[in-house]
Amino acid sequence: MATVLRVAPTILLIILSCWTSIGGSTTYVKYKDPKQPLGVRIKDLLGRMSLAEKIGQMTQIERSVASADVMNKYFIGSVLSGGGSVPSQRASAETWLGMVNDFQKGSLSTRLGIPMIYGIDAVHGHNNVYGATIFPHNVGLGATRDPELAKRIGEATALEVRATGIPYVFAPCIAVCRDPRWGRCYESYSEDPKVVQMMTQIIPGLQGQIPANSRKGVPYVAGKTHVAACAKHYVGDGGTHEGINENNTLISRNGLLSIHMPAYLNAISEGVATVMVSYSSWNGVKMHANRDLVTGYLKNKLRFKASYIQSFLHSLITSIIHGFVISDWQGIDRITTPPGSNYPYSVRTGITAGIDMIMVPFNYTGFIDDLTNFVKSGVIPMSRIDDAVSRILRVKFTMGLFESPLADSSMVDQLGNPAHRELAREAVRKSLVLLKNGKYGEKPLLPLSKYAKKILVAGTHADNLGYQCGGWTITWQGLSGNDNTKGTTILDAIKATMGKTTEVVYSKQPDAGYVKSNGGFDYAVVVIGETPYAETNGDSMNLTITESGPDTIRNVCGHVKCVVVVVSGRPVVIEPYVSTIDSLVAAWLPGTEGQGVADVLFGDYGFTGKLPRTWFKSVDQLPMNVGDRHYDPLFPFGFGLTTQPIKA
């Protein structure tokens with residue numbers, strides 16, 4: 001009697017997937033076999049690829065110009081959502097997932113079936129997506145000095161991103177902001193590289209913890225509940241002259257390596273999958289053109305590099321290929337002035353510098369044509385192309401994209417889930433920095449009583465969820481208002497916290513007459529700050545509180561005891577008003593969970609946050625950082641008063 005071989009369905013599926021039809025016959029291919037060593041799979045696939053297929057892998061395009069047909073025709077390796085680029089307004093997780101899978105099906109229909117990787121900016125939660133949990137921006141997380149919290153935020157963010165079918169995030173930003181006039185300063189954890197290094201623990205949160213027996217510094221993504229991360233922007237983006245975005249960082253090599261480079265050592269050690277190059281220049285050389293720092297230092301010196309070791313004993317190839325380097329949005333275009341004025345030169349220079357994947361994002365045919373011509377003419381060697389493609393494939397194989405290229409809907413309920421919102425609320429509590437508590441010789445005002453008879457809440461930022469979240473929220477530049485996503489404003493949080501007998505009066509911009517005529521306030525909470533911005537739009541030479549903030553402080557705090565809560569992405573000019581304020585709180589950009597602010601104001605939790613940045617007296621002092629010879633701050637780096645929670 002013949003023996004019947006029984007094979008489990010999942011094993012059978014893997015076996016069948018290792019065979020492909022080539023030229024009408026079915027052939028076993030190593031790159032499709034997950035049991036093969038990673039190096040073997042990469043070498044096998046690379047050897048089968050045409051030049052067009054290789055260059056396609058190096059191309060990342062924007063979702064608005066992507067389609068299944070485009071993915072198939074041009075062998076596109078990656079798609080991204082730019083800031084605010086969504087499949088539809090208030091798109092559900094299922095809508096996102098369906099869009100990503102449609103693009104993926106186009107990639108899988110190609111001759112070799114190489115899956116694409118979809119990337120998105122998730123810089124403080126899954127910030128493009130309606131209903132996602134929006135965590136405090138990095139400047140607030142830097143105030144917590146809590147790397148374990150950062151790791152948990154990374155884990156939660158990864159789940160919410162995966163809920164929409166996306167496996168790759170352009171985060172974290174590990175810039176060291178040395179001048180608050182920079183419009184991206186809130187994306188930086190601190191002016192101190194040690195604090196930034198500490199907070200790179202968000203990377204194992206996003207990607208998963210590297211197993212104890214694994215090689216350090218090798219990209220690692222722990223399955224479908226995690227995402228590939230991206231350390232950015234390499235390098236020196238936080239040190240530009242006068243804080244001007246995309247400007248020139250004027251600093252010695254020793255200064256660059258001691259201030260702006262350390263966090264990259266941590267990121268690589270923690271297995272970060274990708275590194276994004278900065279728009280900025282270092283001593284006049286554009287980073288996107290800087291072969292010395294991209295290839296020489298990042299890839300070679302820091303061992304973010306690729307090579308194969310032949311194991312003669314087992315006749316196997318063991319991979320020690322590290323992750324890939326990606327450009328910023330139209331980053332190579334900016335190599336020339338004006339941007340794009342000599343695109344072929346930019347393509348040649350960026351690729352030669354060592355950038356592996358180019359965020360085009362629209363002119364992909366021009367990029368593909370130019371790069372193809374350079375390779376065919378011998379200007380760019382095939383070895384440079386193979387290096388880039390090997391790195392990209394390494395990340396895709398590591399993530400399991402070849403085995404599970406299509407996203408499933410099993411995690412759609414992770415988007416904005418209550419546990420993540422509670423985590424964000426905890427992050428808000430820990431990020432608040434108490435700068436003043438009571439006027440000289442007087443009793444501290446904080447924590448506030450929940451049982452006051454009548455209180456005033458004032459200011460433009462008290463009832464504005466968009467202002468709380470800041471830039472990079474739903475849209476690139478951020479929004480005003482309470483209906484753009486889901487969350488709790490500071491005003492609603494205060495109302496929810498107060499006793500039932502307390503009358504809470506809200507006036508957005510009260511004048512002094514209003515405050516006096518509506519007397520009897522036990523105290524006031526004034527919430528003011530900056531309106532949302534991102535990147536160059538946030539560059540500011542004056543750093544003043546926007547709109548009617550100063551008037552509101554004078555009108556309210558001149559007539560009733562007040563706590564002023566500053567909602568901003570950085571220190572702002574506050575010196576002229578400090579003497580009139582009883583208590584002063586830096587709330588940074590807390591995100592959707594405004595209840596965390598009320599938790600601490602009213603004593604359910606104590607203040608614990610410490611300044612991640614020096615708070616200046618005048619913009620004339622800038623740049624000014626801890627350790628400078630003429631250090632004369634209003635509030636020094638690391639400052640933060642504490643309070644004890646009120647016992648129930």
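User: What makes a pair of residues a salt bridge?

Analyst: A salt bridge is a side-chain nitrogen of Lys or Arg within 4 Å of a carboxyl oxygen of Asp or Glu. The model here is predicted, so local features need pLDDT of at least 70, side-chain atom pairs count only at pLDDT 80 or more, and totals for chains, interfaces and linings use all residues. Residues are numbered from 1 along each chain as its sequence is written, and side-chain values use heavy atoms, with hydrogens and water left out.

User: Why is the pair Asp121 and Lys232 called a salt bridge?

Analyst: Their closest N and O atoms are 3.1 Å apart, and the limit is 4 Å. Asp121 lies in the loop between S5 and helix H6 and Lys232 in strand S7, so the pair ties together parts 111 residues apart in sequence. Helices (H or I, at least four residues) and strands (E, at least two) are DSSP runs, numbered from the N terminus.

User: Why is Asp121 called buried?

Analyst: Buried means under 20% relative accessible area, exposed over 50%, and partly exposed in between (1.4 Å probe, protein chains only). Asp121 has 8%, so Asp121 is buried. Lys232, with 1%, is buried too.

User: What is Arg152 called at 25% relative accessibility, buried or partly exposed?

Analyst: Arg152 counts as partly exposed. Its salt-bridge partner Glu426 has the closest N and O atoms at 2.7 Å, and at 15% Glu426 counts as buried.

User: How do you know that the length of helix H5 agrees with its residue count?

Analyst: The expected span is 1.5 Å times one less than the number of residues. For the 16 residues of H5 this gives 22 Å, and the end C-alpha atoms are 22 Å apart, so the two agree.
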